[in-house]
Amino acid sequence: MSKTDTDNSREQEDLGAAGSQLSTAPREEPANLPGLGVIGWTRWFWRQLTSMRVALLLLLLLSLGAIPGSLIPQTGADAGKVEDFRAAHTTLAPVYDKLGLFHVYSSVWFSAIYILLFVSLIGCIVPRTWQFVGQLRGRPPAAPKRLTRLPAYTTWRTEADPEQVREAALALLKKRRFRAHAAGDAVAAEKGYLRELGNLAFHVALIVLLVAFASGQLYKSDGTKLMVEGDGFSNALPMYDDFKSGSLFQTDDLVPFSFDLTDFRGTYEVSGPNKGTPRTYEAKIKYSEGAYGKEKATTVKVNEPLKIDDAKVYLVSHGYAPVITVRDGKGKVVYRDAVPLLPLDGNVTSQGVVKVMDGYRDAKGAKDQLGIKAFFLPTYGGPGMEIASAFPALLNPMLNLEPYHGDLGVDSGLPQSVYQLDKTHMKDFKDAKGAQLRVNLQPGETMKLPDGAGTVTFEKNIKEWAGFEIVQERGSGWALGGAVTAIFGLAGSLFIQRRRVWVRAVRGADGVTVVEMAGLGRSESAKVPEELGVLAGHLYDRAPGAPDSGAASDADPAETPDPQVVPAEGAEK
Amino acid sequence: MTLAAATNEHLASLSNTLIYSSMAVYTLAFFAYIAEWLFGSRSKVARTAAALTADAARTASAPAVTVKQAGGTTVLERPKVVVRSASGARDVPDGPGAHGGDEQGDLYGRIAVSLTVLAFLVELGGVVTRAASVQRAPWGNMYEFNITFSTVAVGVYLGLLVLRKNVRWLGLFLITTVLLDLGLAVTVLYTASDQLVPALHSYWLYIHVSTAIFCGAVFYVGAVATVLYLFKDSYENKLQTGGKPGRFASSVLERLPASASLDKFAYRVNAAVFPLWTFTIIAGAIWAGDAWGRYWNWDPKETWSFITWIAYACYLHARATAGWKGRKAAYLAMIAFACWLFNYYGVNIFVSGKHSYADVGLGVLRTAGF
Ligand code: HEM
């Protein structure tokens, strides 16, 4: 590498100012340590932070830092998984906790990396923008002394006057949208400023993107609500099943609206290899904006959320809610409700729990509680297929109930899932053989609890439920704008070549004009010599060659088509 | 069974037949490429060594206008452009390609390319019939993903050939991995075509996945070039410092393009798809925004796409940073491609196994394979 560097600096001297400012990339400076007190150190630190080397390092760190979050369970994605992990790894979990590894993307160290990166980015963009403006105001640098040293070079002798040649060259270059001007005995021209502009736009867009993303995170709210057909919801904190929000979010920020789920409908492929694949999910709802808005009806589909101001209502899940009626020992109805069950697979095999807490009395009239495990198949495929549903729609519903009685433990103060049964204080109901009672019911059928402890009925009208996610996130428009700008900026930055062309025309010692043309690209590219060849061809037509004094006729005799590009030995094609 | 189901099964088995046939033709192409390399090795090519040991004074001399005397009148030729490589770069000519200038080798090479075209068409047929049999895009599972991916990778290679790029030397390396990829697909990853997918009908998802596959194929071509660059570069280094590389290494590496050309090719390829990769991630975010409620969720797939993106950005930055050009940048490119691979295979196998159906209610709607 060191060889390359010295070569480069030698080359730089050869070219003088010609190659300077072809980009606005910061120059790499040696990392000399300053000895100048606080200001010196600050300046040193700032220079380091805004150098390409450190930007590169920070980028690497950012990608490394993102890895643990994809491998370790994250509280933001699934708090339950984190709890399982904590239980399974008692020594590792506290260490992870200290390092913030359960919430990597909001941890101190991850934030530190990207904040440093963006400080670096800003520190990089500002001077580059000024430099670029300066370059736009200025003119392309004058021709270097020895054009032969440039990556692409050509020359010929002509009988036209040098002034004429220069004029023709200036006109030609301007016509081809180069910024060109005559300086001394040569014309200097440059093209491809859009590259730099694209590059700056891209980096600015990254900042916009980050700011939009960050403010979105800080102000966002995100909650879920499970609703059985007929249920209503109004957008207030207590209505949510589950609610998360950013640190700057305030309850007042919730957009006021309310809606009722009137009907949920799912359709499925009924045949072929995709049998059972969902085709449509639709939730018909009635909603009203504001506190007293007019009621409107609409349909929310999987990829088509309902948008109200900054809030969006997504349909994210669905399942069945069989209506269950429980009568106690005296025949009194103590429970009648639609019980939402959670799906276990693509054919909506579902399970859940019916909890009867108050009012139930057993055969002897004593207060008791009931917990009934429910396992539901929307389509029972026939004997031997009790384990899983055969189809997601309600073709042949079957409900398997497994009742227990005792203390549900809901009053213990510990949070409890409505979908799980804590059996620590519950007793089985036994069947005739002394095993746990389990009964399969079809709609309309009733199960008797042993010894006159009551009945459980699986009602005919099975309801469906829909899970909604209500998200409020600002700045997604900005994020999208930033993203689109980033793509275009990037394309400009990567696909446009910034290059310079010089044309020198001077009268030689024998009175014949010598034209020299040379091209320089920011990076080596086949396009620069090709373009130079085309330009030379056009200029040659205006200033045709003069016969040489005969000395040069030993040149390569091979015919090459116009525009000719002859690679020097070893040059890249 | 309905009539529609019968046609679908018929199409699915046709697809399998086509995929197996394409593997057979790829195998023939593989042998033809081998023959190309074997015949090529007979000719003695040692241009790299010659160039590196030759006099340093060989840099381009100023060209002269050529004058041709033709029957008394003087016909002037147009000026020629002389190209110099940047200072510091080694002036090494590109190798002649696998055939090494040997005529018979070249013939085998041409046969190999023709067979590759045939195999590509057959495989493409296999992918299309598979898609028709499941009536959706052919990337619902890893089997389908693998066959689509290798088809696109070969398509990219053939596309470069059609554009008259000097890339025939890629053939053997590419076809070898395509055969491995297909072998893996039909044995370990095979999934019968009645796989369920949820009805996530969003054209953003289609755009997202198809561009992701295309980007992957192009990144793959770039990665092959990068690996070859690393070999060729150490070979040139060895020659330059007076070392004597082994005969096999010389025979293979002499025929490849110069390390500088390989490096540049790899850069071009990677830089050219980087904006598309950026777009792919954004399309995914838009889809996620429509389907999940948040456009960025840090789920493992998204995270690894982001990591891959940053890794390629690192590579592009490295190339613009003094002291990081060349081998160091090439290592970054390899890391970046490894991230891409991990995103598609690793995340599916190791990570999403733990993460899928995280919350069952949502899981059912959210499983999209990607
Ligand atoms: C999120 C972080 C960043 C990403 C994804 C990113 C990405 C890119 C990309 C893709 C390019 C185009 C490379 C090329 O022209 O070949 C580029 C160029 C550049 N970046 Fe960044 N960049 C980031 C941060 C930074 C930072 C922090 C700095 C400042 C220290 C910086 C300075 C530059 C410069 C100077 C160039 C132009 C190089 C040249 O003209 O040769 N970038 N960046």
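Residues 145–163 of chain B are 95% helix and 0% strand, with end C-alpha atoms 27 Å apart. This comes from a predicted model. The stretch is one of the spans that UniProt, in an unreviewed entry, marks as "transmembrane region" in chain B.

**The annotated spans**

In chain B the UniProt record gives that label to residues 18–39, 111–133, 145–163, 170–191, 203–231, 265–288, 303–322 and 329–347. In chain A the record, again an unreviewed entry, gives "transmembrane region" for residues 54–72, 108–130, 200–219 and 478–496.

| Span | Helix and strand | End C-alpha distance |
|---|---|---|
| Residues 145–163, chain B | 95% helix, 0% strand | 27 Å |
| Residues 203–231, chain B | 100% helix, 0% strand | 42 Å |
| Residues 108–130, chain A | 100% helix, 0% strand | 33 Å |
| Residues 200–219, chain A | 100% helix, 0% strand | 29 Å |

Thr151(B) gives a view inside one of these stretches. Thr151(B) sits in helix α4 of chain B, residues 142–162. Its relative accessible area is 4%, so Thr151(B) is buried. What does Thr151(B) contact, leaving aside neighbours within four places in sequence? The partners are Phe120(B), Glu123(B), Leu124(B) and Val127(B).

**The two chains**

Chain A holds 10 helices and 25 strands. It has 573 residues, and 47% of them count as buried. Chain A exposes about 28200 Å², with carbon and sulfur atoms supplying 57% of that area. Take the contacts in chain A with a separation of 6 or more: residues 24 or more positions apart account for 65% of them.

Chain B has 11 helices and three strands. From the N terminus, its elements run α-α-β-β-β-α-α-α-α-α-α-α-α-α. Of its 370 residues, 59% count as buried. Among contacts in chain B with a separation of 6 or more, residues 24 or more positions apart make up 81%.

**The iron site**

Which protein residues donate to the iron atom of the ligand? They are His203(A) and His317(B), each through NE2, at 1.9 to 2.0 Å from the iron atom. The pair crosses between chains: His203(A) belongs to helix α8 of chain A, residues 193–219, and His317(B) to helix α9 of chain B, residues 300–320.

The iron atom has six donor atoms, and the angles among them run from 72 to 179 degrees. The site is octahedral. For six octahedral donors the ideal angles are 90 or 180 degrees.

Are the two histidines buried or exposed? His203(A) has 9% relative accessibility, so it counts as buried. His317(B) is at 18% and therefore also counts as buried, since the cut-off is under 20%.

At 3% relative accessibility, Ile310(B) is buried. Its contacts reach into chain A: Ile310(B) touches Leu59(A), Leu62(A) and Ser63(A), not counting residues up to four places away in sequence. Ile310(B) and Ala336(B) are 26 residues apart in sequence, with 8.2 Å between their C-alpha atoms.

**A buried arginine in chain A**

Arg500(A) lies in strand β23 of chain A, residues 499–507. Is Arg500(A) buried or exposed? Its relative accessibility is 2%, so Arg500(A) counts as buried. Its side chain makes a polar contact with the side chain of Glu190(A), at 2.9 Å.

**Two loop residues with positive phi**

Two loops of chain A deserve a look. Arg177(A) is not a glycine, yet its phi is positive, at about 65 degrees. Arg177(A) lies in the loop between α7 (162–175) and β2 (179–183) of chain A. With 70% relative accessibility, Arg177(A) counts as exposed.

Asp451(A) is not a glycine either, and its phi is positive at about 60 degrees. Asp451(A) is in the loop between β20 (446–449) and β21 (454–458) of chain A. At 73% relative accessibility, Asp451(A) counts as exposed.

Definitions and conventions
Residues are numbered from 1 along each chain as its sequence is written. Chains are lettered from A and ligands numbered from 1 in the order in which they are written. This is a predicted model: local features need pLDDT of at least 70, side-chain atom pairs count only at pLDDT 80 or more; totals for chains, interfaces and linings use all residues. Side-chain values use heavy atoms; hydrogens and water are left out. Donors are N, O and S atoms within 2.8 Å of the metal (3.2 Å for Na, K and Ca); water is not among the atoms, so sites may look incomplete. Four donors count as tetrahedral if all angles lie between 85 and 135 degrees; four count as square planar and six as octahedral if opposite donors are over 155 degrees apart and all others between 65 and 115; anything else is irregular. Helices (H or I, at least four residues) and strands (E, at least two) are DSSP runs, numbered from the N terminus. Buried means under 20% relative accessible area, exposed over 50%, partly exposed in between (1.4 Å probe, protein chains only). A polar contact is a pair of N or O atoms within 3.5 Å; within protein, one must be able to donate a hydrogen and the other to accept it, and residues adjacent in sequence count only if both atoms are side-chain atoms. UniProt positions are given in the numbering used here, feature names are shortened, and annotations may be inferred rather than shown by experiment. Contact means heavy atoms within 4.5 Å. Accessible areas come from the Shrake-Rupley method with a 1.4 Å probe; for residues, only the protein chains shown count as cover.
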